[in-house]
Amino acid sequence: MKNYNISLIKGDGIGVEIINEAVKVLDAVAKKCNFNLEYKEYLMGGVAIDKIGHPLPKETVDGVLKSHACLFGAIGGEKWDNLPRHLRPESGLLKFREELGVFANLRPAIVYDELTNASTLKPEIIKGCDIMVVRELIGGIYFGEPKQNDGQKAFNTMVYTKEEIQRIGKTAFELAMKRDKRLCSVDKSNVLEVSQLWRSTMIELSKEYPEVKLSHMYVDNAAMQLVRNPKQFDVIVTGNIFGDILSDTASMVVGSIGLLPSASTGNKTSVYEPIHGSAPDIAGLGIANPIATIESAAMMLKYSLNEEEASNIIQEAIKDVLKDGYRTKDLASFDAKEVLSTSQMGDIIVEY
Ligand code: ATP
Ligand code: MG
């Protein structure tokens, strides 16, 4: 029987609740498909600060690097917001991504047929929408030096090297080749130098992919177009901060931020996590939607473990559960037949 080592980082807030549901579903599908998953838990974020005084223990990075894949919940919360910047949960996460070299963050935003009629957006605008946001994850303004805040003046620096742009560009073009061969590169090249290099590099790279129709959009317009007519997009490639914002925007097209999974990949171990954060406002209430995390686990099975059948089983189960009207609270207004708690949602996905 095949055996896979999975590193688990539950983190803070709803992170614990949603990862537990994903593990429940993973175990059920592993049994059905005849493979074994061995989990090891590692600390990161606020919980690591509380236990060892630092948001990213070395054992976490080492352990994840040795595993086949990492399933990640979410980190952060008000309790740690006033710590010095380098000791905050978010600094641990950025360092973690950097250490793993996960430069490409793939964020599929797919509208379920079952949710289209109840959306606040018109069904004809969103029905069948299937977008892949490719977000650069270890560069740009979240990482650039110098940065400072001395209380009187503060700044960050948005930096991209040509090599970094080519690397994420290649990932996006390759993905577009496997999909509808339409790639929209999002930047702000009318204002930012770094975006000019981004755009010219994408144009240069497009010569290697003559079949892919490359277009360009400024980020402000892209945010508007995502809501106005999301189906015009197939693959979107963009930098770290723009990708962060645009994928949260895309979540409203899909229906809830609790539905969007992601895969972060590079040349080492890949990390699978929902696009949302630790949602401190609803932590411990048992109302978080675990579907984004369960979908992330399905992506892990497909991309890192090559267990495509198991991955499909999960995805079909989620569709069927939604078709039958089961919803968590965030989707209660979407033609709900029954509103379930976080763990009831995990249970019912296992049952299907
Ligand atoms: P981050 O900086 O880590 O992305 P954030 O500040 O963007 O975090 P989130 O934690 O993503 O914030 O939460 C944004 C909003 O979405 C909150 O109101 C939260 O309750 C809600 N939310 C996030 N995840 C879920 C979920 N799985 N189910 C239901 N609601 C969620
Ligand atoms: Mg966010």
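Trainee: In which loop is Ala279 found?

Mentor: Helices (H or I, at least four residues) and strands (E, at least two) are DSSP runs, numbered from the N terminus. Ala279 is found in the loop between strand β12 (271-274) and helix α11 (291-303). This is a predicted model, in which local features need pLDDT of at least 70 and side-chain atom pairs count only at pLDDT 80 or more, while totals for chains, interfaces and linings use all residues. Residues are numbered from 1 along each chain as its sequence is written, and chains are lettered from A and ligands numbered from 1 in the order in which they are written.

Trainee: What is the phi of Ala279?

Mentor: Most residues other than glycine have a negative phi, and most peptide bonds are trans. Ala279 has a phi near 40 degrees, a positive value in a residue other than glycine. As for peptide bonds, the one from Glu145 to Pro146 is cis, with omega near 0 degrees. Pro146 lies in the loop between β5 (130-136) and β6 (148-149).

Trainee: Which residues are the closest to ligand 1?

Mentor: A residue is near a molecule if its C-beta atom, placed from the backbone, lies within 6 Å of it. Ligand 1 is surrounded by 14 residues, and the closest are Gly258, His276, Gly277, Ala279 and Asn289. For classes, Ala, Val, Leu, Ile, Met, Phe, Trp, Tyr, Cys and Pro count as nonpolar, Asp, Glu, Lys and Arg as charged, and the others, Gly among them, as polar. The shell around ligand 1 holds 6 nonpolar, 6 polar and 2 charged residues.

Trainee: At what angle do helix α7 and helix α8 pack?

Mentor: Axes are lines fitted to C-alpha atoms, for helices over the stretch in contact, and angles run from 0 to 180 degrees between N-to-C directions. Helix α7 (residues 162-178) packs against helix α8 (residues 193-206) at about 50 degrees, with their axes 9 Å apart. Angles under 35 degrees count as roughly parallel, over 145 as roughly antiparallel, 65 to 115 as roughly perpendicular and the rest as oblique; α7 is therefore oblique to α8.

Trainee: Which residues of α7 and α8 meet?

Mentor: Two residues are in contact if their C-beta atoms, placed from the backbone, lie within 7 Å. Lys162, Ile165, Gln166, Gly169, Lys170 and Phe173 of α7 meet Leu197, Trp198, Thr201, Met202 and Leu205 of α8. This contact of α7 with α8 comprises 6 nonpolar, 3 polar and 2 charged residues.
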